[in-house]
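Subject: Structure handover

Hello,

The structure is below, with its sequence. My notes on what was found in it follow.

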Amino acid sequence: MIELPKDHCDPLVVGVGRHRACYIHPADTSKCIKVVHNPGEHAFQEIKRELAYYKHLESYLKDWSGLPRFYGEVETNLGRGFVYDRIVDFDGKPSQSIEQRYNENNLDQLHDELSALIDRLRGYLWDNRIVTMSIKPYNVLCHRISESEIIPVVCDNIGSASFLPVEYVCPWFCHKRQERQFKRFISLFFNNKLVW
């Protein structure tokens, strides 16, 4: 059994969402473990949806650069844990979210970098037919693989809640969904301050 800290202020805690907390794997720092900290029907539906979608992705996805891979389940002192890649920059620092990296204080200075990152994210999701529940600035990490190159990584909220997710198998439905989500994402994050 893997021992994880109960205190969310512990350095092993990478982040805390509405239902799950994410910890650095104590035995392998290249991995992280997500554990439910706020149980409820919705939390377990979210996990079930995500795991089913990962199983689907394993059947065709070749380029995992924009998603953390899933490595299975482990038992922890806090309950069942789910192991994923931990997204860390080339310098060993945890990758920041888009929300953290780009803010009102530096948006003008980093506008071109952010624009390129958004285009890369859109292209990756489109080319690989990745389905997400939504695209939020706090769920997309800026994985800096060098001083000058950043790869966007969607770290949460993947898959579909549809009873019959036709977007998994029909590229047209997938792309229509992505177009709607990107419009919402850009208006949500940029609050119509930038023209794309």
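Arg129 sits in the loop between α3 and β7, where helices (H or I, at least four residues) and strands (E, at least two) are DSSP runs numbered from the N terminus. Its phi is positive, about 50°, although Arg129 is not a glycine. Most residues other than glycine have a negative phi. Arg129 counts as partly exposed because its relative accessibility is 27%; buried means under 20% relative accessible area, exposed over 50%, and partly exposed in between (1.4 Å probe, protein chains only).

Asn157 also has a positive phi, about 70°, and is not a glycine. Asn157 is in the loop between β8 and α4 (171–190). At 18% relative accessibility, Asn157 counts as buried.

This is a predicted model: local features need pLDDT of at least 70, side-chain atom pairs count only at pLDDT 80 or more, and totals for chains, interfaces and linings use all residues. Residues are numbered from 1 along each chain as its sequence is written, and side-chain values use heavy atoms, with hydrogens and water left out.

On confidence: pLDDT is the predictor's confidence in each residue, from 0 to 100. The protein chain averages 90, and 96% of the residues score at least 70. Over residues 192–196 pLDDT stays under 50, and the model has nine contacts (heavy atoms within 4.5 Å) for them beyond four places in sequence. Where pLDDT is low, the predicted coordinates should not be read in detail.

On the sheet: three strands form an open, antiparallel sheet in the order β6-β7-β8. Its edge strands, β6 (96–97) and β8 (150–154), each pair on one side only; two strands pair if DSSP finds at least two bridges between them. Strand β7 (residues 140–144) pairs with β8 over five bridges, and His143 stands opposite Ile151 in β8. Helix α3 (residues 111–127) lies across β7 and β8, at about 50° to β8. Axes are lines fitted to C-alpha atoms, for helices over the stretch in contact, and angles run from 0 to 180 degrees between N-to-C directions.

Last, Arg20, in strand β2 (residues 20–24). Arg20 is buried, with a relative accessible area of 7%. A polar contact of 3.1 Å joins its side chain to that of Glu50; the term covers a pair of N or O atoms within 3.5 Å where, within protein, one must be able to donate a hydrogen and the other to accept it, and residues adjacent in sequence count only if both atoms are side-chain atoms. Not counting residues up to four places away in sequence, Arg20 touches residues including Lys34, Glu46, Tyr84 and Asp156.

Regards
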